[in-house]
Every structure is written in C-alpha cells, then in structure tokens.
Amino acid sequence: MTVLSQVTVLRRLLAQRSAALALAVVAGLVLVAVAAPLITWIAGSSPTAFHGDAVDPALGGLPRGAAGGISTRHWLGVEPVNGRDVLARVVYGAQVSLLIAVLATALSVVLGTALGLVAGFFGGWVDTAIGRTMDLLLSFPSLIFMIALISAAPGVDRRLLLVVVLGFFGWPYVGRIVRGQAMVLARGEFVAAARVLGASRRALLLREVLPNLTGPVLVVATMSIPGYIATEAGLSFLGVGVQAPTPSWGQMIATAVPWYAADPAYFLIPGAFLFVTVLAFNVLGDAVRDALDPRSKRR
Amino acid sequence: TGGGAGATVTGAAAVKGGTLHVLSTLDLEHLDPARNYVTSSQDVSRLVYRTLTTFAAAPGQAGGKIVPDLATDTGRPSDGAKTWTFTLKQGVKFEDGRPITSKDVKYGVERTFAAELPEGPPYARTWLAGGESYKGPYKDPAGLASIETPDSSTVVFHLNRPVADFGSAASLPMFAPVPQDKDTGVNYDSRPFSSGPYKIDSFEPKKQLTLVRNTSWDPATDTVRKGLPDKVVIDLGLDAAVVDQRLIAGQGEDANAVALEPIGPASVGRVLNDPQLKSRLVTGDSINTRYLSINTKHKPLDDVRVRQAIAYALDKDALRTTRGGPIAGDLATSLLPPSLGYQAEDPYPSKDGKGDPDRAKALLAEAGRASGLTLTLDAPASTAGKAQAEAVQASLGRAGITVKINEISTSAFYSTVGNTSQEHDLVIAGWSPDWPGASTYLPIVFDGRLITGQGNNNYSQYDSPAVDAQIDRIAAMGDPAAAQAAYGQLAQQIMQDAPVVPFLWDKAPILVGPNVAGAYGHIAYVGRLDLVSLGLRK
Amino acid sequence: MSLLEVRNLVKRFPVRHGLTRRLAGHVTAVDGVCLVVRPGETLGLVGESGCGKSTVAKLITRLERPTSGSIQFAGRDLAELDAAALRPVRRDLQMVFQDPFSSLNPRHTVRQILAGPYRYQGLEPDQPAEELLGRVGLRPEHADRHPHEFSGGQAQRIGIARALALRPKLVVCDEPVSALDVSVQAQILNLLKDLQDEYGLSYLFIAHDLGAVRQISSRIAVMYLGSIVETADRDTLFAHPAHPYTHALLSAVPLPDPDLEASRGRIVLHGDLPSPLDPPSGCGFRTRCPKADELCAAERPQLRTIAPGQQVACHYPERTP
Amino acid sequence: MILYLLRRLAVTTAILLVVCAATFAIFYLMPADPAQGACGKACSPERIAEIRTTLGLNHSPLVQFRDYLAGIVSGRTYGSGAQAVNCPFPCLGFSFQTDQPVWQLLTGRLPVSFSIAIGAAVLWLAVGVGAGVVSALRRGSLWDRAAMTAALGGVSLPIYFTALVLQYLLVVQFELLPYPQAVPFTADPVGWAQSMVMPWITLAMLYAGIYARVTRGEMLESLGQNYVRTARAKGLPEITVVRRHALRPALMPIVTIFGMDLGALLGGALITESVFGLPGVGKLAADAIASADQPVILGVTLFAAAFVVLANLLVDLVYAVLDPRVRALG
Amino acid sequence: MTLLTVRDLAVEFRSGVRAVDGLDLDLDAGQVLGVVGESGSGKSVTSLAVLGLLRDARVSGEIRFDGRELTALDQRSLRRLRGDRIAMIFQDPLSCLNPYYSVAFQIAEAYRAHHRAGRKQAQRIAVRMLERVGIPEPERRAKAYPHEFSGGMRQRVMIAMALCLEPDLLIADEPTTALDVTVQAQILQLLRELREEAGTAIMLITHDMGVVAGLADQVAVMHQGRAVERGPVRDVFHRPQQAYTRGLLACVPRIDGPLPDRLPTLGAAE
Ligand SMILES: Nc1ncnc2c1ncn2[C@@H]1O[C@H](COP(=O)(O)OP(=O)(O)OP(=O)(O)O)[C@@H](O)[C@H]1O
Ligand SMILES: Nc1ncnc2c1ncn2[C@@H]1O[C@H](COP(=O)(O)OP(=O)(O)OP(=O)(O)O)[C@@H](O)[C@H]1O
Ligand SMILES: [Mg+2]
Ligand SMILES: [Mg+2]
C-alpha cells in the first residue's frame, strides 16, 4: 500500500476540473453561510422581516410581480403570505443547513472512528458487541425513528437535537468502514513491528493505526455531509426540522410545497441551492476518494 | 361575499343519481355517534344517521335554525325546561327496515357515558339527572333512569338544571338512535348503523369511505336531506394541494367532486384570477372565531395594560393572509361573530386591522414595560400553525415584544396547552360553538370556575368573578332573545379585559366540481358544504 | 550454552467456516517444535508454504501466545510473560518482516519509524536516525522521507535498521528476502551477514528458498507440517540429507546449469502438503513419502541424533555414506 | 444449516426486541397523552383517568411492554366483560385513532408499498445496473461521463424535490398523468400503473444513480481480475467474457445492497408515499407520528425493522447459494 | 521451422511507460524458449502483446505467428487464435480461475469457444484433460470449484484448460513462481511431458534461472524491455556474453558448488 502525501493528494484533487469546481462551490457556500449577515446587509434585507406590501393578500398572499416577486429590492423574490426576503432566508438557511450537517458529521465521525477502531483492532467480544450494535442501528427504520424521537422531545433546541440524532444514527456507517480498515491494519506487519518493539495498546491504536485511517475517514466525512444536508432537509420536510422562524433549506422547501404550482420560484430556489450543494459535496467526495486511492489513475 | 350568496352556481339543477365524490384532506375521526364531535365528521354523518333535531338545510344564518328530524318537533320543555319530551315520527326506519324506537335513542345517549367511547360532547353527562354516577350501558346495563321511554315513539329527558336550548343540543350526533343489538362497542365507529339516506358500503380509515343508498330511508319523513346521488365516495387523507389542483382541473370523475375543506392560501390567487374557477368557489359563513389567547396568570400578562398592548399590536391582517387573505374571512373586532347575529365595535381599533404598534408601545410604557418583554407562543407544528405563529411573532415584534415560538406536534397541541402547567404565555386558538349561539362558547371558554389542570379550554386562564356571575345569570334566562343580547354585552365586557385577541371570523372558500349542483356553505359545519343538499347535474 | 531454546512449542488456531462461522476445528500450525539458537550463529528454518514457519517466528517474538511449550530466552521463559514483563525483553529480541512496505507505517517518516524503538521502550534515543541509516547503507537525507518513496530493498534496509536500533541479541528474520527481486536479495543477504559480523548478532532466519538459507546459515532446521523433521549443520544437510523430505526438497530445487539439470536424478513428490486441519496419523510426511509403511502411519517419529550435529525425525533416515 | 437459521432468527428476534423496546421508550418521552387526545375538547380529569385504564396506560411501562410482547406472540384481550376485545395473533394492538387492529392496518397498506417498491426496484435495476455496466465497459467515453454525471445528479436530488418537480411537470403542467391514487392492481391495472409511474421514477432516479455508480465500480474491479484476462486468453467472445466472468461477480455486492434497499422500501417509502399521498406503510407511519398514534408507530417501526433484518438474512442465504466459496463451507 | 518471430517489438502505455522497447525473439515449433529477467523487465507485457490482450497501450513492431502478422489482425481473428492456437497460463492460478464456476465448466468453456460441441461432450473432454494433467479422481473433482483445490492442482487445471485445444504455442508466464519447490518440480515435470507428447512449443517466462536451465532449449535474457542476450540455453549459461547475464547468474545463491562469503550483486547499490 502506498500512501500519497497531502500535497500530492491536493494536487491530484485540483487536477480534476469537476473537483476543483465542486471545491469552489463548497467554499463559496461556506463563505455565503459565514457572511450571511454581511450579504443581507448589502442586499438590505432580513430573514425574518415581513413585507406585507410585497404580497397580495387578496390573492392569498401571492408575491406581487413575476417569478415569485423577484425585484431590485428582493433579488430572489419573497415568500408568499409574509413577504420575507428569499435571498436572506437562503443565505441564513445555508448557515443552518451546513452547520447541522458538519456537526452531525463530526459527531458520527468521532463516534464511528473511536468505536470502529476499537472493534476492528481488538476483535473478539468487543468487536462482537460493537458490531452487533452497528447492525442493530443499521436495521433501525431510522427515518421513522428520528421523526418519532424528535417530535417526542419538546423544548430542546431542534438544531442540537438534529445534530445528535443524525450523528447517532450515522456513526455505524463510519464505524463499519473504520472497523474494516482497522481490522486490516491491525494485521499489518507494521503493527506487529511496533508490538515487537514493545508498544502499548494505546500507542498501537493512536500512533500506528489511527493515522492510517485519516484517508478513509476523510472520504466518509465528505460523503456524509451531503447525506446529512439532505436528511436534515427531509426531516424538515416531514415537519420535524429546525423551528420557525429559523430558516433552513429543507424547512423552506417544506413550506413551499403547497405553493409549488402557484409560485414555482419559491419552491425551486431553495431546492436548487440544496441540489447544487449536495451535488458539489458528492463530486468532492468522489474526487477525494479517487485522489486518496493510489490505484486510481487519472483518466 | 355574503354567506351562501355567491353559492348558487349557474347551470342545470341537480338530478337524482350518479356518484358524488368528496375529497378530504382530513380523516373522519369518529363516525360513531357517541364519539362524533368534530364538525367535519358531523357534516358527513348527517348523510348516514338522523338525530332528534337537526339544522335546517339552508345557506347563511338560516342554516343555524334548528328543525325537527327524527322527532316531530324540536322538543317540548316542561318543569322550567328541566324536562324535555320528544316524539318520534312515524315511518322512520333503520337500514334493515326495522322501525326506529325511543329505546334506540335512549341507548344511543347512554353510550356516551361509556369510558370506551370517550370523545363525544359532555352534555348528557353534565345535564342528565344521575349522570355523574352512570357508567354507560356496558358496565351498567340497567340503563339511565333519567331517560324515560314511556312508549316506543316517546323519549323523555330529565335534567338536573334548566336548559333552554336542549332542543339545539338534540341535533348533536349523540342523539342519533343506535340499536343495541348492532352495537359493536369501539368497532361501531367503523360501521354505524344507518338511519339516514345512505348506509356505509365500505370504510377504510384514512383512505376512503363509500356510502350507498339506504333503501329503507323514506324521504317523506325527512324534510332536510335530499339524497340525490346514488353513491357518495369520500377520499380521505389527501394532500391539501392535490385536492385544490384536482378540483381546479375538474376533469373526469373530479367534475363530480367537491372539497370537504377550504382551499389553501396557495390556490387562492389562481382561483380568484379565473372567472370560470371563481364561479365554482362557494364561500360559506362560519361561526368560528379565531383568537390569540393571553395567559392572564403569567407575569406581566396579569397586567391588563400589557394585554391591551398586545391587542393593539397584533396585525390581524397578516394573520388572515396566512390563511388565504380576505377570502378566508373577516377581521374579527369582537368575540362573537356576525354570523351568530352580533355586531360590535372594536375596542382596540387599528387601520385596516394591521395593528397599532405605537398605541401598544404607549400602553407598555404605562405598564412599566417600555424596555420590551419576551413571551413564548405555543403553536401547533402544522404549516398553518407555523405561519400564524410567525405572523404573531413579527407583528408583536414591532411593539418591542419578543415572541419565542414553541412548536408542539399537532397531535399533542390541545392536550399540552390544555394542561395549565405546560401552557406558555400565548396560544393561537379559536372556538366554534356546538350550535349557533353563544351558550356553548362564552360559558365554556371564559368561566373561571371551569379551569382544570388538564383538558382546560380556558387557555387565558381568565378568572373574573364578575364574568362568572353574568354567565350564571344568563344561563338562568328563559327567553332566548334576552339571553342572546346579554351574551353580546358579556362579550364586550370580556373584551375590555383582553384575555384573548380575536382576529378572524372564518369563512370557508370551497371548490366544487363543474357538474355539482346545490352547493352552499353551512354555518354549523363552519362553512363546509352541506353535503345533504348536493347533487349532480347529469 | 544457548541464547534461545524452544521446547515442544505448540500453537493451535480455532478455525471458523462459512456463513455460519461455525467452529470447523483447530489448525495445529505448530506441533511440538524444538529449536536452539546459540550466540552469534544463524539458524536457518526452511519449509514449504503453510508449514508453520511464520507462526514459530510470531511465537518466539510473542506476537502470538503459545498453546503450550516453553521459549527460554536469556534465562527467562517468554511463554509465561505478560505484555508488561515482555517489554524489557524485547530490547534483546527483534524481528525483520517479509514485506518491506507493509512492515513500515506508511504515515510515518523514516525518522519517526526509527525513533519508534526508543519511544516504545521509554528510552532516550542514543543513535540518531542518520546513524542508523548509515549502518544499513542508506544516506542521512533519507530520514525525512516516507516509506513509499523507497524501493523494496531500501525499505527492507529501514526495517533492518529499526530492528537493530536497540542493539538486540537475537533477530528473527521471517522471509526477509522473499519479496525482493533476485539482485536485491543478494544485497540484503550480504548486509545481514555484515551486521552479524559487526555486532555479534544471532539470527533465526526463516525462508523457503534453500539457496538463501545455505548462504547465510550456520545450522539449518527443516520444517514440515508444523514439526521440525531435521536439524543439521549447513554442510551436513546439503551433503547428506537424512530425512526423505529434505532429500526431496533438495532435489526439487532447479539448478541454474542446463547440463546438471539434464543429468540429475529427480525425486518428484506426489500430492501437496496435507491440511494442518486434518493431519495424517503418525509421521506427517508419510502421505508423500516414498518409504512410508505401517509403522509410519502408526507411530510418530521423534527427533533423534543420528550423527554429530544432525538430528532427524524419521523411522527410516537416509544412511550417511 | 437449520441450526444456522435458528440462530439467525434468534438474532433477528433480539434486534426486533431492541427496536421494540427503544420505540416503546420513546413513547414515554412523547408529550402527547393519548388519553387526553382521546378525551377531546370536553374533558374532565376523572374521564382522563378512566380512559387511561381502558387503554391500559395505568400500568407501569414495563408491564405494558410485557403485555405488548405477549400480544405479539399469542394475541391478547383488551378490557374485560362485555366490552372485552380480542386481538388475535399477531397482536400489535389497536390504533388509538381508528381503533383498528394495527396488524390489519399494516397488511392493508402493504399492497401499495409493495407496488411502489417492487416497480421502482425493477426500474432502477434495469437502468442503474445497465448504465453502470455500459459505463464500465466504455470507461472514459462520452457515454461514461454523461451517465456518471446523470447518476451523480440522481444521487444528489432530494426525493421530495424530484417528486414535486415530476408532479408539477407531468400532472399540473402537461396533464399527462392523473394525481396518484391508491388503485389496486387487480381492479384497474392501467390506473394502477399510472398512479405508480411517478413514485417509481422518483425512487428510481435516486437508486438508479446509486446502482449505476456501484455497478460501474464493481465492474471495473471485476474486469481487472485475472480470471477475466484468462477468459479472454481462452478466446471467448467478448460478450461472454463480460456477462459470465465480469458481470456475475460484480453482481454479488449489488445483491447485498439491493436486499437492504428493497427491505427498507418494503417497510415503507416514507417521503415518496407522503408526497404522492399514497396510502402505503410509509404514509401510515408519517400519519401515525403526526397524530401520535403510538400503537401504530410502534407497529410500523417493528414492521419496517423486520423487513430490513429479514432482507439481511435473505441476502446472506442468497449469497450462500450464489457464491460457491460460501456455499461449500456453509 | 519458426513458429513465432518477434521483431523490434515496442509497447508504450498511455502513462508514457515504454515497457517493451525493441525486443526480438524467435521460437521454433516444438521448442521451449525461456524468457528470463528481473521484475519489471517487460516479460509479462510481451506475452500479453503476443496474445493481443493489452489494452490502453500502443504496440509497434512485428509479431509473426505461423506466418501471420498478429499486429495486423482484427480482434475477431485474434480471438479465434487465442486458446485455439496460442494458449496461455499465468502466475497466480487462483486469481486466474473464476471462483463462481466449476473447474470443468471453465475448461469446457475454452473448448466450446472454438469447437461446436454440446455441453456433455465438452464436459467429457474437460474430465479427460483433468486426468491427463494428473488430477486424481477427475470425474469427481471436475465438479469442484477452484477454491477447493491446492495451488499446484489449480495450476494443473490452468494447464488442462490451455491444452484442451492442443495449441501450437503455450505461453507460460511464471507458471511456478507462486508454488513451493516440491510442487514446482511436479509442474515442471508435467510441462516436460506435455512437450514431449504433444510437441507444443512453450514460451516459458520466469525469473528463475534454474527453471530455464531445466526446461528450455533457447533462452532470451530481458532487461529494460529488450533482449540483451539470446541463444541456445547451453551457450548462454556456460558462456554468457553480457555482463548483465553473468551478474544475473551469479547473484542467485545456489545450493551446490562453492559458497562465497559475499554474494556478487548486480550493478551498483540502489
Ligand atoms: N491466525 C491464524 N488462524 C488460523 N490459522 C492460522 C493462523 N495463522 C496461521 N494459521 C495456519 O497455520 C499454518 C501455518 O501458517 P504459517 O503462516 O506459520 O506458515 P508459513 O510456514 O509461514 O507459510 P508461508 O511460507 O506461506 O509464509 C497454516 O496452515 C495457516 O493457515
Ligand atoms: N497496464 C500497465 N500500465 C502501465 N504500465 C504497465 C502496465 N503493465 C505493466 N506496466 C509496466 O511495464 C513494465 C513491465 O512490466 P511486466 O509486468 O512486463 O514485468 P515483468 O517482467 O513481467 O515483471 P515481474 O517479474 O514482476 O512479473 C513495468 O515497469 C510495469 O510497471
Ligand atoms: Mg510465512
Ligand atoms: Mg510478470
């Protein structure tokens, strides 16, 4: 097994045009999310302010003007009924969606790596116990379960709850991969070599095995971020997302659903953002995997 | 648009026959007469079973009139309205052809006492003499002595207090006859025995209810129901947007369809902009009033000035827009809607109902709350609930009141806010009386003595001895007209204390298919179509 | 006087199979091995694939726990010690692995790899990485590279440098040249020999290549199906193999000389190494042995001395001429 | 083999037991009190207490759990006396909402979920695996790049987004299809198919994307195997080489994920069914959660989990049949 | 008679690696040509080039087999040639057999690719071939799967597969490298017998000088993609002309002859 240095990986990554583009999109999104206050300041809007004059109550609150009320004041139009600025909500929504996805990924990666590492390295009953737990969690109808769990826990900050629930149901996916890798690595001769030198188990785990997991873990992390973004949106869609008036993309799409025929722009705009983000992360995930895989030759 | 005025759709009149489709976003919660206590189910069940009295089949306020149904009249009070006697019509039959007797009516009322069938109205339990200790026919087969059946067509109710509008109460499904040998307990819900023009052919909860003609029903005994279609198919649990879209398209079988529920805000624009569609929109009046409840037990909401500030600040127009704009109803200025025959000045006026944040701020300053305050609003986690909560949040925000939204899953909403220890500062609520009139409204919602730890309906926890005394005084009145006037004054009295801020008197804009005739909104079914009058043109 | 003395070493592995992961039995990978390594000498251990050579190496270095038997090393029985007690012993007992790449942590630099021995022993490094590299013929500037930047031979040199860092007495080499190209094999064999001369090391040198074993060993043990079938001085073994298996093994090695190849008599054994899951009764070699008879099936031959410095486990050893 | 099956079934049962216990535990967190919900707007504390007794909510959670489990294995009787209701095996209780036996609700919903899952599976297998194979064979070609871009797009499209866009285009805009409705196949095959087309496409977009990517990867892997080279060296026609020697091994991992995916879908396609308003098991779950109908939530969760674990078991058995290495040792 | 002539063969991969670079080889019918060389010298690439099995590579030069120029043939004609006239066995017999099919099926498959034969008939031929390569109980073992065979037996199966069509040329790429010496001796013996019985020409690729010495008539020593030395086996072994060949012969430790203190090494230290 050969390992590529960080520089090589980055170079290989950027050499793929799609990956470079995806990286740019992701970076742009992060920037947008971080700079949300600035952007809304420039655009002169706020994610929560109602603009009753931008909608027509007589028509059930349909935005005035074409394409969901796109105008110089509201660059991406306004929400029907309350006239909130869609751009402001989309950029603040990016903040929420990305934050939840990244934190949930962090949680599942930490849990998954720790438990997968221990299971794969030690084997035996530890492995059996952790492995069974993972099987169990994987056979949970997790979507039903997540909805039931979230709707059952009132009063808790939904964002926190989403992170915890997503991370909790997500770690077995990381754990499985890490476990497999750790199992292979634990049998590797360099681990035997460290043992012969008298290394303690802790040292074997942390110094010898763990550094070799960064590649696969990086790949699953990149791959799971879009999954979490989509799941968070899905949960919001099913009514257990972040609480109003906090915007998230899923929650925006969910409120736009009844309007999909009357005001398609309202539905398409957050949907497009969601799609592009998930796509960019997926492309990036693929690219990271390819770049880390020494076997893969550039086509 | 007045109630039912724009309702008569031009074109050929209804003929007998055909299959009427009803598209519903809801599920029919309970069809069992003992458990049937939501207006949508009552609207549907009127096709299936008859009650002692019922509402007139007419648009507008005329629909609020109580008329005889199974009984020959609307009940004969005696003993100072403590005893009520009903006589059944001759020739009324169940679906199997057997005659309906007074025993069947008595048994039907007794069933509402059973703990297994808990959801129904409380009137029998609270009003009938000896009702406190009676456990229903399953545990107590001897029956309730205060319901007498001297002969097979006479039923006499002995009450523990005078009840002037018992005749109106007798229109509730709980006064429908149930033959004891057909009672299947909790399973009766899925197949109540028919006494009306239709019987249940099949019922899959949350999917579909199919009604077919009941040949034992004799139209001669029924002045209310037309019974025109041969078959009524009610699709349940549909998506609201899909129902709207299907009726807008109105194609195929959907030409013979009506919606059970009002159109959603998202469809309003489309319908109003199209004269063709607009002609198929029936806007019915409703007796429902929506209001924001303010918890008077919480600080600083115990200060009437703070509550009045909220009343001034609330943007009723924005709230109405979340429900579809002007078509969804009129901005409420008082507790009692015009559809119940009331008119009143708004004690907290603002231009176009958009609220008056300046007045609100002034009142807050007066109350020593110039720096603002933070309140928590309990809202159901439904689309409409969230939209309304956000509108409340935005409009009170203008007066410096920060509102935090506590989303509660729809199923838990009423049990949570009805629990005085779990309820927060503000609740978006509303009330429809059980029959037109204020007697099943103000006394239930504002009587401080009825506040209970659980299952509370007085979300403002408003407890005013003066109001309680008024309630008792009005209840004892024998003259309905005087009582009505007195309730009007009581409402104004309550408004001064601002325990709730009424914001909308509902109207129900409902789409009907191009081939459906006889559609009008019925006031007692909160503006939904009166299903018994519908028919197909061809 | 011996540095390492292994007696009756046995190792069984449970074997699970198939969908059910049911216990299919036990593999007796090492079945009563006895070995002696003296200070400064190289004991070569040869045998076919799967006969248990690596398992012996792992048992001696205590990467595996023996099922039974004793491993006397520098006056202690390693078979008995736990991880903590083993740690100081490991300074004297090191190992070189077969695959030069997989035995080096790909995420570490050479410097980190060479610091490992001190770190894991809790010692201050007394020889900088550059010095260790110099000893195995690598340049100091190699210290900051990662393993994948080296060729197989160079990587194996790093593995050897690591094993030598703690100045051990015995180095167990498990097929250190098998994965290397012919030309590189020679370099590593030379290096091992040079280091032995320089530091007075002892080697247990495991290989299946008889030529390499002959080149480096002073004594040779031949293993078959988990047991030692013959031990002899190098020259004795090649000149006068006593066990029929040793004999066949030697005759199977092709000689790089067309004339010799054409003229030489061959013993071609039938069949393969029996499965250690289901070993034959009596002598393990009897299923392929041209001399086998009932005795071989009934009774397992013990290792016995038939000539000075030559022990064999066979009922019918070849006669020394 | 019998022993193995028994052991697997035991593990399966254990998993379901834990799922059951966890779901049960959630109920005690739930804010909705079913008794209060049932009591409606005219409620008194005494009445709530009475209802609690009827619903068996007055027992300790542990006792309720025990009774529930007992009901699954041997049926149980609710209430007593004249009103006693017998709930035959396998008893998952009665819906708080509709009083119907949960088991009957679930089985009643199955045809719809099956129609959706199986139709979609056929579609995505055909499209996904087909596209993956062609892509692998023409690695780097225009087709490959186009197919993989499309697959990535499919994977990245949230289901409800696809569903609504489809519905907007096919139903609202161009009126090519009616709104999906639950039409039994036996009653009206054409109507059934028309209603199912959009759910099929919606799910297939996602899964075909996943399968195309997996298939391509597995095919590339197996095409690089030495035995494929051997097959070519034998002079086999390329089509045989691909079909027999590359595709078959590549299908093995696909069988695994297919089993899992299908198992999960048979237990209800929550979002798809909700968006299209089709009354399958997933919609049942969504509705039950929205109305806090606890027996139904519990039933659906168990049901869905059972499909997943059974699919797992089945996949393992199929593996044993298809892979001689596992078969021989089984 | 010359069966195979390779002239100025060059193979360049898309990555730019020139694995074979100006190679010349000659092989007469019924003869054994040993091709030796270090790892990476281009031996396997050469064999694949002869069969036309290289993908992603530019092949130039001449490969003339039995009078026909292979580089000019289309895939169809090449496919007919493969297996039928030129057969090949590879180094790692396990990975070269498809684990999903029985060994007899895989042998029969080769036969049926070139002959019109029913399943039954092909199966019978497969069993006969298994018997011929020395698999005991061929009837029973025919139904077995590759994983149920030991390494040596798998290589016998490969050989059976290669020989069932009685090819003119067998290319054996490191046929014994993965095997133990005793098993290697068995396989070499088998190849020797086959060559005598069927007169098949063999191109024997290996890095083991001993194997070449024991089996080949001619030898070509490859280094960096070309044959640095070619000739009859005796000449090359006894009188190597090139320093490279001499080094290759000397650096391998032997089990006979004098024991040098240090082994000579090839070229400078790496
Ligand atoms: N951890 C283990 N579990 C089960 N069996 C094992 C294990 N390790 C080794 N074996 C078995 O023990 C036997 C001896 O294995 P070992 O690796 O010691 O052989 P070896 O002589 O080193 O072979 P090679 O020359 O191929 O390296 C083999 O049959 C092997 O399958
Ligand atoms: N598909 C390929 N793409 C690019 N380079 C390749 C490819 N196959 C082989 N090579 C390169 O061609 C050269 C010759 O490889 P080849 O496999 O012929 O060597 P070999 O002599 O058979 O070596 P070995 O003894 O290790 O089998 C090597 O440098 C190798 O890296
Ligand atoms: Mg080994
Ligand atoms: Mg090669």
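Reply: Strand 2 (22–37) and helix 1 (53–60) of chain C each supply at least two residues of the shell around ligand 1. Helices (H or I, at least four residues) and strands (E, at least two) are DSSP runs, numbered from the N terminus. This is a predicted model, in which local features need pLDDT of at least 70 and side-chain atom pairs count only at pLDDT 80 or more, while totals for chains, interfaces and linings use all residues. Residues are numbered from 1 along each chain as its sequence is written, chains are lettered from A and ligands numbered from 1 in the order in which they are written, and side-chain values use heavy atoms, with hydrogens and water left out.

Me: Which element gives the largest share of the shell around ligand 1, and which residues come nearest?

Reply: A residue is near a molecule if one of its heavy atoms lies within 4 Å of it. Helix 1 of chain C provides the largest share, three residues. Of the 13 residues around ligand 1, those that come nearest are C:Ser49, C:Gly50, C:Lys53, C:Ser54 and C:Thr55.

Me: How is the shell around ligand 1 divided by class?

Reply: Ala, Val, Leu, Ile, Met, Phe, Trp, Tyr, Cys and Pro count as nonpolar, Asp, Glu, Lys and Arg as charged, and the others, Gly among them, as polar. On that basis the shell around ligand 1 has five nonpolar, five polar and three charged residues.

Me: What polar contacts does an oxygen atom of ligand 1 make with C:Lys53 and C:Glu175?

Reply: A polar contact is a pair of N or O atoms within 3.5 Å; within protein, one must be able to donate a hydrogen and the other to accept it, and residues adjacent in sequence count only if both atoms are side-chain atoms. A polar backbone atom of C:Lys53 is 2.8 Å from an oxygen atom of ligand 1. For C:Glu175, an N or O atom in the side chain is 3.3 Å from an oxygen atom of the ligand. The protein covers 66% of the 630 Å² of accessible area that ligand 1 has on its own; accessible areas come from the Shrake-Rupley method with a 1.4 Å probe, and for residues only the protein chains shown count as cover.

Me: Which residues surround ligand 2, and which helix gives the most to its shell?

Reply: The residues around ligand 2 include E:Phe13, E:Ser39, E:Lys43, E:Ser44 and E:Glu174. Helix 1 (residues 43–51) of chain E gives the most, with three residues. By class, this shell holds three nonpolar, six polar and three charged residues.

Me: How far from an oxygen atom of ligand 2 are the polar side-chain atoms of E:Ser39, E:Lys43 and E:Ser44?

Reply: An N or O atom in the side chain of E:Ser39 is 2.5 Å from an oxygen atom of ligand 2. The corresponding distance is 2.9 Å for the side chain of E:Lys43, and a polar side-chain atom of E:Ser44 lies 2.7 Å from an oxygen atom of the ligand. Of the 640 Å² of accessible area that ligand 2 has on its own, the protein covers 61%.

Me: Is E:Ser47 buried or exposed?

Reply: Buried means under 20% relative accessible area, exposed over 50%, partly exposed in between (1.4 Å probe, protein chains only). E:Ser47 lies in helix 1 of chain E and is buried, with a relative accessible area of 0%. Not counting residues up to four places away in sequence, E:Ser47 touches E:Met88, E:Ile171, E:Asp173, E:Met203 and E:Ile205, where contact means heavy atoms within 4.5 Å.

Me: How is a helix such as helix 6 of chain D read, and what covers its buried residues?

Reply: An α-helix has 3.6 residues a turn, so residues three or four places apart point the same way. Helix 6 (residues 142–156) of chain D has 15 residues and reaches 21 Å from its first C-alpha to its last, close to the 21 Å expected at 1.5 Å a residue; the expected span is 1.5 Å times one less than the number of residues. Its buried residues include D:Asp144, D:Ala147, D:Met148 and D:Ala151. Their cover includes helix 12 (264–292) of chain A, together with helix 5 (102–137) and helix 8 (189–223) of chain D.

Me: Which chains share the most contacts?

Reply: Of the seven pairs of chains in contact, chains C and E share the most. Chain B and chain C do not touch, and their nearest C-alpha atoms are 44 Å apart.
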